Amino acid sequence: MKIFLAFSLLLSSTLFFTPLNSEAKNQIRILVVTGGHTYDKPSFNEMLNSLGKDISSEVVEFPAAYEQFLPENRGKYDVLVFYHMWQKSTPEQEKIFADCIREGKPLVVLHHSICAFDEWPEYWNIIGGKYFHKPTVVDGKEYAPCSYIHDIHFTANIVDKKHPVTKGVKDFEIFDETYKGYYIAQGAEPLLTTTEKSSNSVIGWTWQYGKARVVTLQSGHDTPTFQNENFRRLLKQSIEWSYAGIRAYRAINPS
Ligand SMILES: [Zn+2]
């Protein structure tokens, strides 16, 4: 009887847990990289949790985050989400970092990560943009130092309502910090725009770096944006779309 009971318990628990396990298999594991800028951790983490059970997240901080770009650690997560403003790097760290993304790690870049790595031009190539802290020449064009203003109410306009990142999102109001004067690489596809005067007009774009899809969203300074339902949806769909890119690539190029 005892054996039978144990067996039936085992069976029922197996049956019960199977759907959960298969859900876990479809989960997208994001690695959020922070460091070099303060932020409201509880409300940022609450936004990460709001992405739902299909997306699990882990947060790592620079400089320790460099470890995660090493080939042996790349299989531990599916998509990188940048929310850092880190500046320091060695040539060796830069190479491993760039290789990780070039070889196919999808990337979503938020807010002050556009301002990171002032001394490393390849980072600007990785994200397809850059906020300059000092006069800088890119592709023969001189850019003046950029500017920012906090606490601006403005409207974010959707460029293509059919794009998987912006699908289902209508033009929306946002209360955030704006940046003006930043560089966006030629060939980047605009996702979001604004007519707000203190901002660049393009405030969201997609980019390709090697095998990786990259999505950059300029907004995301603080809690009002972390709690903005439209921003949360854009973040979720950015993660899903960038990950879908490498899955499609691997399906036709199995290693
Ligand atoms: Zn900010």
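A residue is taken here as buried if 20 or more other C-beta atoms lie within 10 Å of its own, as exposed if 12 or fewer do, and as partly exposed in between, with C-beta atoms placed from the backbone. By this criterion, buried residues make up 35% of the 255 residues in the protein. The model is a predicted one, in which local features need pLDDT of at least 70 and side-chain atom pairs count only at pLDDT 80 or more, while totals for chains, interfaces and linings use all residues. Numbering starts from 1 along each chain as its sequence is written.

The protein holds 6 helices and 13 strands, where helices (H or I, at least four residues) and strands (E, at least two) are DSSP runs numbered from the N terminus. Its radius of gyration, taken over C-alpha atoms, is 20 Å, close to the 18 Å given for 255 residues by the globule rule (2.2 Å times the number of residues to the power 0.38). The C-alpha atoms fill a box of roughly 80 × 40 × 35 Å along the principal axes.

A few backbone details deserve a friendly second look. Most residues other than glycine have a negative phi, and most peptide bonds are trans. The peptide bond from Phe62 to Pro63, however, is cis, with omega near 0°; Pro63 sits in the loop between β2 (55–61) and β3 (79–84). Phe117, though not a glycine, has a positive phi of about 50°. This residue lies in the loop between β4 (107–110) and α4 (121–127) and is buried, with 22 other C-beta atoms within 10 Å. Asp139 also has a positive phi, near 50°, and belongs to the loop between β6 (136–138) and β7 (141–143). With 7 C-beta neighbours inside 10 Å, Asp139 is exposed.
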